[in-house]
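Here are my notes for your review.

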Amino acid sequence: MNKLSIALADSIIARYPDPRDIPYRSWCYVHGYILTGFEKLYEAVKDPRYLDYILRYADAQVGPSGELPAFTGVSLDDIMAGTAIIIAWQRTGEERYRLAADRIRRCFDDYPRNADGGFWHTRYPPHEMWIDGAFMGQMFLIRYGDAIGDRNYCFGEAVRQLEIMARRLSKEGTGLYLHGYDESRAASWADKETGLSPEVWSEGLGWFALILAETLFLIDRDHQGRPGVERLFRSLVEGLARVQDTGTGLWYQVVDKESEKRDNWHDSSGSAMFIYAIQRAVDLGCVDGDHFGPVAEKGYAGLLTKVRLNADGLVDIRDACDGVCVQDNYEAYINVPRVVNAKEAMGGLLWAATIMEN
């Protein structure tokens with residue numbers, strides 16, 4: 001096999017020649033996630049096919065005057081796909097892409113918030129904050145601020161949301177974060193006193209790890225919010241190292257219940273996210289490379305045990321769930337069906353393989 005990152009990207013293109021066909025609908029967070037992975041691979045290997053794949057998506061989504069028929073702005077998930085449009089603007093300078101990105105940026109002007117200023121995950125139902133949303137909303141904001149403008153607002157809001165998320169969802173004493181918080185306490189999963197969901201879900205925590213990493217990569221060195229984000233990131237990386245499975249190098253679906261729950265299983269999607277984030281922390285100098293570099297390397301070796309070439313010569317990745325909302329209890333998380341080539345697992349593997357190989 002060539003480099004796994006290249007083989008995986010080629011497999012995605014072979015499966016989905018039109019990137020709009022990447023599951024589960026033509027405009028969703030997965031496109032932003034996977035196509036950002038293609039951008040990272042393009043920057044590493046300079047193969048124009050990977051940039052062309054991103055531009056093929058943007059060209060199909062954006063009209064000549066910046067129209068975005070598929071965009072609704074009803075959720076942070078819907079906003080995340082706009083990251084691909086920003087990439088297209090940066091690479092081509094076509095005005096229609098900037099106009100489309102401006103439209104998505106304006107969605108934040110009336111996006112609903114809790115009393116503390118934290119974004120709801122979706123406009124309906126109200127008051128729910130999911131840790132996934134830290135990535136979905138703020139990934140677009142930091143890319144917009146870096147590439148297009150409104151930098152003070154974009155980075156200031158991103159830092160604010162990360163701090164709110166960390167304060168609301170922290171699992172005390174662990175460096176880890178729970179999946180959801182409901183200010184109204186109305187959700188079935190919400191504790192009636194705290195509003196918190198019950199468990200630390202691997203992929204959800206992975207989204208938070210990724211956005212901390214990417215924020216620190218883009219934010220100005222002298223930004224007043226940078227030290228706080230660095231502290232959050234360092235604490236999370238340390239927490240992840242503590243709960244890494246020493247046998248496989250991977251992380252469990254319910255991250256912090258390795259020993260007490262025998263039916264827990266290793267999640268390839270969240271593990272891939274953690275590997276990327278830890279290696280990024282090392283590269284950024286946020287943590288000691290001598291200590292945490294081997295954590296990422298062991299995790300990546302474990303992740304490779306979940307990867308196979310199928311009979312058609314395409315890369316398959318096993319043991320991930322295909323989209324999960326906040327669940328009521330431990331049993332619900334670990335009984336979510338595992339599938340081959342879950343959309344988030346493909347994206348996570350592309351990010352992880354690219355940073356570990358290049």
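1. Let's start with the second largest pocket: H7, H9 and H14 each put at least two residues into its lining. (Helices are DSSP runs of H or I with at least four residues, strands are E runs of at least two, and both are numbered from the N terminus.) Keep in mind that this is a predicted model, where local features need pLDDT of at least 70 and side-chain atom pairs count only at pLDDT 80 or more, while totals for chains, interfaces and linings use all residues. Residues are numbered from 1 along each chain as its sequence is written, and side-chain values use heavy atoms, leaving out hydrogens and water.

2. That second largest pocket holds about 210 Å³ of space. A pocket here is an open set of 1 Å grid points, over the protein atoms alone, where a 1.4 Å probe fits and protein lies on both sides within 12 Å along at least five of seven lines; lining residues have an atom within 4 Å of a point. The volume is the space filled by probe spheres on the points, which are joined across faces, edges and corners. It has 16 lining residues, and those closest to the centre are Tyr29, Asp77, Trp130, Gly323 and Val324.

3. Asp77 is buried but has no salt bridge, and the nearest side chain of opposite charge belongs to Arg25, 7.0 Å away. Buried is under 20% relative accessible area, exposed is over 50%, and partly exposed is in between (1.4 Å probe, protein chains only). A salt bridge needs a Lys or Arg side-chain nitrogen within 4 Å of an Asp or Glu carboxyl oxygen. Lys and Arg count as positive, Asp and Glu as negative; His and chain ends are not counted.

4. On to the largest pocket, with about 350 Å³ of space. Lys40, Glu43, Phe217, Tyr276 and Arg280 are the closest to its centre among the 19 residues that line it. Two or more lining residues come from each of H2 (29-45), H7 (132-147), H9 (202-218), H11 (268-283) and H14 (343-357). H2 gives the most, with five residues.

5. Two pairs reach across the sequence. Arg49 bridges to Asp10 with 3.1 Å between the closest N and O atoms, linking H3 (48-61) to H1 over 39 residues. Arg49 counts as partly exposed at 38%, and so does Asp10 at 26%. Lys171 meets Asp256 at 2.6 Å, N to O. Lys171 is in strand E2 (170-171) and Asp256 in the loop between H10 (226-243) and H11, so the pair ties together parts 85 residues apart in sequence. Lys171 is partly exposed, at 24%.

6. Pro23 to Tyr24 is a cis peptide bond with omega near 15°, and Tyr24 is in the loop between H1 (4-15) and H2. Tyr124 and Pro125 are also joined by a cis bond, with omega about 0°. Pro125 lies in the loop between H6 (95-106) and E1 (128-130), and His127 is found in the loop between H6 and E1 as well.

7. His127 has a positive phi near 75° without being a glycine, and it counts as partly exposed at 25%. Arg185, not a glycine either, has phi of about 60°. Arg185 is in the loop between E4 (180-182) and H9 and is partly exposed at 24%.
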